Amino acid sequence: PLALAWYGEQLRGAQAQLVVAPETAVPLLPQQLMPGYLERVTQCYRQGQGSASASMPDGQALLLGIPLGDLDAGYTNSVLGFAPGQQGQPYRYDKHHLVPFGEFIPPLFRWFTQMLNIPLGDFARGSVGQPSLPWSGQRLAPNICYEDLFGEELAARFVDPAASPTIL
């Protein structure tokens, strides 16, 4: 609880135009968080309350690393994006290039983890070429961890020049 409280304070008090929190900055699934936690942390980014100024006419945006999903749908290592004026659900990016043994168990090794009865789960892969978050005249394209090493996967986001990222 102390770490989540600290992160919440830091995110609500950030002064930057674009705030990028690390991979799994919030290390719990949204349904495991205290009720209202995510809403309180992201409210200022969604509504732009107090953050729009001459230096930041479009307010502030937030890219937040958080795991998503449930037992039925599966889990993803994700980024949620929040920006003023968003309607409905926040922007979502799901990591595509997963880390073996950290985010998925290679098929030939599954027997070993099952034998040990270790609760290691598999994250589901996001698709290649996911859309960017449009904000403040830019198109923000997150990538998680070492995904920036895979140029062919990054290049898939540039197929349509009108939707190509302007910020990675």
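Strand β2 is mostly covered, with 8 of its 10 residues buried. Buried means under 20% relative accessible area, exposed over 50%, partly exposed in between (1.4 Å probe, protein chains only). Helices (H or I, at least four residues) and strands (E, at least two) are DSSP runs, numbered from the N terminus.

This is a predicted model: local features need pLDDT of at least 70, side-chain atom pairs count only at pLDDT 80 or more, and totals for chains, interfaces and linings use all residues. Residues are numbered from 1 along each chain as its sequence is written, and side-chain values use heavy atoms, leaving out hydrogens and water.

**Strand pairing.** Two strands pair if DSSP finds at least two bridges between them.

| Pair | Sense | Bridges |
|---|---|---|
| β1 (18–20) and β2 (61–70) | parallel | 3 bridges |
| β2 and β3 (residues 74–82) | antiparallel | 9 bridges |

Valine 20 lies opposite leucine 63 in β2. Leucine 64 faces leucine 80 in β3. A hairpin of 3 residues links β2 to β3.

**Helix α1.** This helix covers residues 2–13. Its 12 residues should span 16 Å at 1.5 Å a residue, and the end C-alpha atoms, 17 Å apart, agree with that. The expected span is 1.5 Å times one less than the number of residues. Leu4, Tyr7, Gly8 and Leu11 are buried in α1. Seen down the axis, the buried residues of α1 fall within an arc of 100 degrees, so they line one face of the helix. The arc is that of the directions from the helix axis to the C-beta atoms. An α-helix has 3.6 residues a turn, so residues three or four places apart point the same way. The cover over the buried residues of α1 includes β1, α2 (37–47) and β2. Contact here means heavy atoms within 4.5 Å.
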